[in-house]
Amino acid sequence: KGKGKGKGKGKRPKPLTDEDEVIYVAGVLLDQLIAKPEWALPFLPRVVAALSVVPGLTTKAVTAMMACTTHVDQVMEGLAMVVRDARLAVRAKPTVGITKLNAQILLDLAKVLSSSGCVDLAQAANRMKLDTCDSSAITRFVDEMLKWWGTPSAGFTDVGKNSLLDAALSVWSKLLRGTNPDSWAAIIESMENRLASAACSNLASLSKTIALRIPALKLAGEKQESLLAVASGFFERLVDKHLAVLEDPKDQEDGAWTEASQQREVIKRDVLLKHWAVLLAHGCTEAESDKLCARCPADLRVKLASVIVREAIGDAKRSQERAIWRQKKPCSGWRHAGGTPVEDLVIGMEVEGVVTNSSSVHGVYINFGCVKDGRLDVPTPDWNQFKVGMQISNMIVKKVDIKETNQFITLSRLNEVMEGRLPATDVARRVVKWLSFPAELREVHFESLIDLWAKVVALEFGADSFEPGLELLGPPLSLAGSAQVVAKLLSYKPTISLARAALSWLSQRCPEQAVGLWQFLFEEGVDLEDVLTLLTLCDTHALEFPTLPEIVVRGLSDEILERLAASNIPEARLLVIQALSDKSLRVEELPEMLQTLCEDSCVIVSIAARNLHTFLLEGGKDEATVADRAAASGSEAGEEESTSSDTEMSDLFG
């Protein structure tokens, strides 16, 4: 009964289900969810995951979950379900035609795990707010992705497989949080053991992921130190165990052994320079940086130091770009009426106060009850940790410098390393010092060493940081090395106070080289004290006064010109004549110093002064300025020069 094409009589017909209408309605729902990714109902992700096995809706269902911005726990659970179903669908291998609905479901699910599809899925998950997502949901998703990544039949290219691993590990890294420091070691070791059985390059991907994740957490204090210690433990195992040099085979010409050894060396290089070094460069304890340096091969020492110094400078520049704490100078100035006189300060006395100014250019200044603010001695990149109005305690008066024109006070914190701060500059200083030892190796890469040293020291503010900075270079320098060091430091544009300290130190060892570099102090203005020090240096060591750029000469004050004119150095007195010739002087404005120089004991100075004096007098007949007179006499320049020369020769020989 009921056989054949006809229907059996008396048999109740089966109820019809309009599957097309069901699929249509589900598709409309998914379109709406994609258009509005903020889902209100927490059960929707599970519903959408179930729709991924409805014919023709797999792609829409996955797209909807990737776009969702709410209920992250449920979405990650749903994505894990889809990946699990897709892995099973790949193994099912439908044997019927693709026009059949069930076969189409299997094929659509398999497409989810295509080379680009699974990477897109992991990257979409990584864009979600995973820092607050349930750890078990993240773990299930990553587990499903890595199962597919490790499937031999997945058919990945090397590039595709590496991309998927990087994307999956990026999601996994969200398990490392500031709220679960006790579980960090177990989380890292679990993934390390899972990847260790495969190629060494997989552990390199894990190394890179950890190095990127820790700075993103922006932890401080004990948590930061703890996580860095866990990470360093992983890097130590990676270098000492997983990437250790393989034992030599009996057959020294074994090509496979050679290739594997070379691959390990390349990976070890990347781990040391690109991952471990970059991570620690942003701040770590001395113990952690020592572990890294101890594992650095001799041929990578300079490169390792260069990476750390580069990162430290990058931190400093980013700090300077965030210069938002600096305030304008008050109308009353930075002094405070009724405060303790500077003369009454005692070195070492403990003080406390309030931050009055903080900037990357000038540093951090504190009102600590004195008539004048004191500058707090902190590394350059850390200025932005001090905001105006912040109360600072546990400080001591470190240095008081009282001059005729100014008073300068330096304060220092009793706890040199602030709570929650591991400054990058400290790591850079340590690695420069490491590079300078042993002494025999220092000479091999001396040029690189002083370049890195200069970059680090140039980040400091005050003059009192120069000589301690020299200790980073190890044993005392030769005279030639001393000049090289200061010249290199000046090339990185340190603060004037730091440059002044460097030149003062060099003048005691190599006066001639110091004089040649002295004009650096005049690039942003000429200070009388710097000129007097230079005059004394030249006079004491019988050195010529250096030639200064015209723009500097034009800006010399009358007081400085008078000091130069009264000096014993003819080159300095000639500089006065040059400066006066560049000024727009009228006859009635001729300074007495010019008349004095006309009678100078040096013949050349005397001739030059009288030449200028004559020129000014001639220009005074029509009340023209020197500049106007020079412009008007351009066509008669040759004749005037001849007349002037004749006059000078007559003066010379009577």
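What follows is a briefing on this protein, from the overall picture down to single residues.

This is a predicted model, in which local features need pLDDT of at least 70 and side-chain atom pairs count only at pLDDT 80 or more, while totals for chains, interfaces and linings use all residues. Residues are numbered from 1 along each chain as its sequence is written, and side-chain values use heavy atoms, with hydrogens and water left out.

**The overall picture**

- The protein has 29 helices and 5 strands. Helices (H or I, at least four residues) and strands (E, at least two) are DSSP runs, numbered from the N terminus.
- Of the 654 residues, 45% are buried. Here buried means under 20% relative accessible area, exposed means over 50%, and partly exposed is in between (1.4 Å probe, protein chains only).
- Among contacts (heavy atoms within 4.5 Å) with a separation of 6 or more, 69% are between residues 24 or more positions apart.

**The nonpolar cores**

- A nonpolar core is a set of buried Ala, Val, Leu, Ile, Met, Phe, Trp, Tyr and Cys residues joined through side-chain atoms within 4.5 Å.
- The largest such core has 175 residues, and those with the most contacts inside it include Met-76, Phe-141, Trp-172 and Phe-466. Helix H12 (residues 255–281) gives this core its largest share, 10 residues.
- Which residues does Phe-466 touch, leaving out those up to four places away in sequence? They are Trp-453, Val-486, Leu-489, Leu-498, Ala-501, Ala-502 and Trp-505.
- Another core, of 18 residues, lies apart from the largest one, and Val-355, Cys-370, Val-371 and Leu-411 are among its members.

**The barrel**

- The 5 strands close into a barrel in the order E1-E2-E3-E5-E4, with mixed pairing. Neighbouring strands of this sheet are turned by 50 degrees against each other on average, direction ignored. Such angles are taken between axes, which are lines fitted to C-alpha atoms (for helices over the stretch in contact), and run from 0 to 180 degrees between N-to-C directions.
- Two strands pair if DSSP finds at least two bridges between them. Strand E4 (residues 391–402) and strand E5 (residues 407–413) run antiparallel and are joined by 7 bridges.
- Strand E3 (residues 374–376) runs parallel to E5, with 2 bridges between them. Arg-375 stands opposite Thr-410 in E5.
- E5 is mostly covered, with 6 of its 7 residues buried.

- His-275 belongs to helix H12. Why does His-275 count as buried? Because its relative accessible area is 8%.
- The side chains of His-275 and Ser-207 are joined by a polar contact of 2.8 Å. A polar contact is a pair of N or O atoms within 3.5 Å; within protein, one must be able to donate a hydrogen and the other to accept it, and residues adjacent in sequence count only if both atoms are side-chain atoms.
- His-445 sits in the loop between helix H16 (439–444) and helix H17 (446–457). His-445 counts as buried because its relative accessibility is 12%.
- The side chain of His-445 reaches the backbone oxygen of Leu-435 at 3.2 Å.

**Loops worth a look**

- The peptide bond from Phe-437 to Pro-438 is cis, with omega near -10 degrees. Pro-438 is in the loop between helix H15 (424–435) and H16.
- Lys-218 has a positive phi of about 55 degrees although it is not a glycine. Its loop connects helix H10 (200–217) and helix H11 (221–242), and Lys-218 is exposed because its relative accessibility is 74%.
- Ala-542 also has a positive phi of about 55 degrees without being a glycine. Ala-542 lies in the loop between helix H22 (528–540) and helix H23 (550–554).
- Is Glu-588 buried or exposed? Glu-588 is exposed, because its relative accessible area is 64%. From C-alpha to C-alpha, Glu-588 and Leu-616 are 9.7 Å apart in space, and they are 28 residues apart in sequence.
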